[in-house]
Amino acid sequence: MASAQHVLLSPAELAYLHSSLSLTPPIRPDGRTPTQFRPLVAETGILPGTNGSARICFADGTEAIVGVKAEVEKTRSRHDDETVFVEGAGDDGEEEETDDITRTGESDWIELTVEIPGLRDDDSATAFLAAMLSEALLADGGLVKRLWINRRFHWKLYLDIILISPPLSYPLPLLSLTTHLALLSTRLPRLKSEGDEDPFFDDDWAAAPYLYPRQQTATPTAKSAPRSPATRPPITLLVMAVANNILFDPSKEELAVADAALAVSVTSSTRSDENDDGDGDDSMDVKEKKGRNLRLLSIRTVDPPSRLTPPGVANSSNAAYGVAGNGNGKATEGRTAVAEGEAVVEGVWRAPRGGAKRAVMAALVQKALERGGVVDEVFDALEGVELG
Amino acid sequence: MTDRRRINGPVGATIPPVFEDTLTQELKAVKKRSRPPNAIRKMYLKTGVTPSASGSAYLEIETTGKPGVSGLKLSCSVHGPRSLPRSSPFSPHMVLSTHVKYAPFATNKRRGYLRDPIERDLGTHLEAALRGAIIADRWPKSGVDIIISIVEGDQDRETSKFQGDEMWDMMNALSGCITVASAALADAGIDCVDTVAGGVAALVQESGDDSTSPNIVVDPIPSEHDKILAACCVAYLPTRDEITNLWFKGDLPASEMELYTKMVEKGIQASRHANRVLIECLTETIG
């Protein structure tokens, strides 16, 4: 597990870190607030040979590059009811009408690979990261629908995620944010052909539409602006709990004392709900100011590396501090008694045992999905990135 | 690499036409969940099936009683705790390694002999679920291998057109893996804080009904439901009331957090049911 990489902290340091993170408010080693992210540098469109690309560099020196490439692929025909219907129906008009309805995609239209230096590509940690990122992309089925060209052809999207630096911290948030930006900047050539004929594309790259169409951001008050469904690619956040505190974007050292850690994938959509269907644009604008319509896509427990940290030895059972003086046989006896009795001495680090309480798990998810909370801030910040 | 020296067949596989049969039509119509929404399927659990391993268990979950629907059959063996090889660095805890492997014939699509990313992913989930349960600091400098082979995956052989089914099947497989591995760990005599068991709950939508509100079912079989909106798999320690692994997948509006909470609750309920079987099996072995 990538999260289980060795942290070079002594039991005393771990105990100190744990107690300072359990204070209210918690004191993090780098002075951040519980919901604050590490500063990062982001840019898009850095790779000219791709359909979309992005690079993010965290302040701690971890850096990732994502390239998205698309290829036209023939859709595997299956003997479904639909195919039979298409062959039987000769009416062109009817077919075109059903086009929008039958736009479906399959999960193997997206191929995602993760490369982390120092890890084999068949390592289970890499497989876990790749599965988590692709699971979020596929969960709502919105992305694969966009890859549909016509009944015979579709786009196949290759997402190659490369961590350039050594994994100094658990790379999940970095990789997820980079993938998000790369997908936002992805453009596919404009389709010129019609219907089910072999696809033929416009060679003008400037006319290529974005994979995730955006709203007219210049003047949000302009009523004439066509409002496209601004669904955004998902992001995956790492949230961890220490005692009663919930911390976002933990660094490697913080993760080493976590009681529980979760990876939560969310996406945002401004698709109108039933309640604001009848209202005009103004109410939508108000809504956007308040917060987005977040959708929960996936949650995974990340095995915190704190379970693998070395335990401390209390003075009362330490042979160097006079326990041995009581008698030759009693030193070992005392140690085993402590080990079995599991007395928790304050300031002596013990790796957490057991799982996380149900309430803690619920609080982690609740905090991540809060309206106007961290996720909104992250989405706002990512919107500020210029798409080249 | 293509072989250019010989005359090869076409690259793309051709699919023979399938003619609809009235018999299969009827069978498809029967497929509906017959259990109440909060009941899991019956399961059979036995420990100590592999004499050479230090602990082992076998789990079988019943079929739905219809032809063509196979149940889940899992076999788990635990090797260790044994000393780590000399080359490995010092570890103050027991080093846990989990392997989950589908047998090549376990699913509709044949699996290879090498573990694919899905199986590795399952192994990581299982490791997270078990690591919370075992008391690892009692065995420093030692390692334990947990090997699970899925002899029969829980897949409907008739429905090949549902491609999305596979990802929901993984949840059921994982919950079975957690339960069987927990039994095998107990059989091996490795100290645990509690017996951990897996449970699955899903949010399903039936298109046949006119009521549009989705409902939550426990231990879902994907082929029995028209559409699964979301599912979660929970590994739960009943006496400590703690969750060691939580895996949620689906598409749920963040405004409907009660639905999510209810799903986790149902998953815990399913896990409690499985745990009862586990406890009964373990007491039977002792008595």
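User: At what angle does α4(A) run to β4(A), across which α4(A) lies together with β5 (153-163) of chain A?

Analyst: This is a predicted model, in which local features need pLDDT of at least 70, side-chain atom pairs count only at pLDDT 80 or more, and totals for chains, interfaces and linings use all residues; side-chain values use heavy atoms, leaving out hydrogens and water. Residues are numbered from 1 along each chain as its sequence is written, while chains are lettered from A and ligands numbered from 1 in the order in which they are written. Helices (H or I, at least four residues) and strands (E, at least two) are DSSP runs, numbered from the N terminus, and angles run from 0 to 180 degrees between N-to-C directions of lines fitted to C-alpha atoms, for helices over the stretch in contact (heavy atoms within 4.5 Å). Lying across β4 and β5 of chain A, α4(A) makes an angle with β4(A) of about 145°.

User: And what is the angle between α6(A) and β2(A)?

Analyst: Helix α6(A) packs on the sheet and touches β1, β2, β3, β4 and β5 of chain A. Its direction makes an angle with that of β2(A) of about 150°.

User: Which strands of the chain A sheet stand at its edges?

Analyst: The five strands form an open sheet with mixed pairing, in the order β1-β2-β3-β5-β4; two strands pair if DSSP finds at least two bridges between them. Each edge strand has a single partner, so one side of it is left without a neighbour in the sheet. The edge strands are β1 (40-44) and β4 (110-115) of chain A.

User: How are α4(A) and α6(A) oriented to each other, and what word describes that?

Analyst: The axes of α4 (residues 124-139) and α6 (residues 172-184) of chain A come within 11 Å and cross at roughly 40°. Angles under 35 degrees count as roughly parallel, over 145 as roughly antiparallel, 65 to 115 as roughly perpendicular and the rest as oblique. The pair α4(A) and α6(A) is therefore oblique.

User: Which residue of β5(B) stands opposite L74(B)?

Analyst: In chain B, β3 (residues 72-83) and β5 (residues 142-152) pair in the antiparallel sense over nine bridges. The residue of β5(B) opposite L74(B) is I150(B).

User: How are α10(A) and α4(B) oriented to each other?

Analyst: The axes of α10 (residues 358-368) of chain A and α4 (residues 257-286) of chain B come within 12 Å and cross at roughly 150°. The two helices are therefore roughly antiparallel.

User: What area is buried between chain B and chain A?

Analyst: Here 43 residues of chain B are in contact with 41 residues of chain A. Buried area is the accessible area (1.4 Å probe) that two parts lose on being put together, summed over both. Carbon and sulfur atoms give 53% of the total, which is about 4000 Å².
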